[in-house]
Amino acid sequence: MLKKQRAEIVRTELEKLYPNVGIPLDHTDPFTLLVAVALSAQTTDKKVNQITPKLFEVAGDPFKMKELEVDEIKYLIKEIGLSNTKAKNLRRMAEILVEKHQGIVPQSFEELEALPGVGHKTASVVMSQAFGVPAFPVDTHIHRLMIQWKLTSGKNVVETEKDAKKLFPRDSWNKLHLQIIYYGREFSPARGNKVRDFITKMLFE
């Protein structure tokens with residue numbers, strides 16, 4: 001079976017399973033999405049969703065966030081990993097958004113990736129989910145499953161993203177990357193029994 005054929009089977013099966021998907025991080029606008037995604041590095045979405053309500057109640061926009069001391073932000077996010085670094089990044093990010101962008105989250109990869117604590121994956125999530133720009137953010141679930149489905153060589157996430165963009169139609173990227181994440185969590189967790197991963201079986205048995 002050709003790689004393109006495998007990719008089409010993956011897309012078809014995921015569409016059956018998850019016809020309607022939303023980003024698993026709670027947010028109300030581009031800024032709260034940006035913050036939530038930045039906080040989610042090396043932390044579960046569930047944990048991020050537990051701590052962001054209090055954070056956003058106090059600092060739900062860049063103007064309020066930049067008025068907080070780093071220690072205040074750290075206290076509000078202390079339950080998640082790397083809270084010290086993330087608190088510093090959030091404070092500086094808010095300052096830059098106010099100073100350079102009038103408090104508005106920029107709509108370009110370059111400007112987003114220039115913000116503290118914002119890498120390519122975070123920028124891709126914001127561009128795709130907040131602004132509807134086609135992007136294919138690759139997280140650990142996507143990287144692992146793309147290797148499992150033999151749709152990428154698996155050298156690194158950069159290669160995986162390039163391969164995904166070649167194999168899947170551009171208008172499917174924003175939805176598909178979420179569908180793969182949901183599939184990974186439900187049917188093929190990184191640790192534990194992979195017996196339920198029926199797509200891999202379908203492709204190779």
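**Labels and the values behind them**

Tutor: The UniProt record, an unreviewed entry, lists residues 39-186 for "domain: HhH-GPD". The model is predicted.

Student: What makes the span of residues 39-186 helical, in numbers?

Tutor: The span is 64% helix and 0% strand. Its end C-alpha atoms lie 23 Å apart.

Student: Which residues does the domain assignment give to domain 1 and domain 2?

Tutor: Domain 1 has 3-22 + 136-203, and domain 2 has 30-131. The C-alpha centres of domain 1 and domain 2 lie 27 Å apart. Eight residues from domain 1 and seven residues from domain 2 take part in the contact.

Student: How much area is buried between domain 1 and domain 2?

Tutor: About 580 Å², and carbon and sulfur atoms give 50% of that area.

Student: Why is the pair of arginine 185 and aspartate 45 called a salt bridge?

Tutor: The closest N and O atoms of arginine 185 and aspartate 45 are 2.6 Å apart. The rule asks for a side-chain nitrogen of Lys or Arg within 4 Å of a carboxyl oxygen of Asp or Glu, so the pair qualifies. Across the interface of domain 1 and domain 2 the rule finds one salt bridge. Four residue pairs in polar contact are also found across this interface.

Student: Which helix gives the most to the side of domain 1 that touches domain 2?

Tutor: Helix α11 (residues 173-187), with four residues. The residues on that side of domain 1 divide into three nonpolar, two polar and three charged.

Student: How many salt bridges does a search of the whole structure find?

Tutor: The search finds 11. One further pair is lysine 16 with glutamate 13, whose closest N and O atoms are 3.0 Å apart. The cut-off is 4 Å, so this pair is also called a salt bridge.

Student: Where do lysine 16 and glutamate 13 lie?

Tutor: Both lie in helix α1 (residues 3-17), three residues apart, which is about one turn of the helix.

Notes
Residues are numbered from 1 along each chain as its sequence is written. This is a predicted model: local features need pLDDT of at least 70, side-chain atom pairs count only at pLDDT 80 or more; totals for chains, interfaces and linings use all residues. Side-chain values use heavy atoms; hydrogens and water are left out. Domain bounds come from an automatic or database domain assignment. Contact means heavy atoms within 4.5 Å. Buried area is the accessible area (1.4 Å probe) that two parts lose on being put together, summed over both. A polar contact is a pair of N or O atoms within 3.5 Å; within protein, one must be able to donate a hydrogen and the other to accept it, and residues adjacent in sequence count only if both atoms are side-chain atoms. Helices (H or I, at least four residues) and strands (E, at least two) are DSSP runs, numbered from the N terminus. Ala, Val, Leu, Ile, Met, Phe, Trp, Tyr, Cys and Pro count as nonpolar, Asp, Glu, Lys and Arg as charged, and the others, Gly among them, as polar. UniProt positions are given in the numbering used here, feature names are shortened, and annotations may be inferred rather than shown by experiment.
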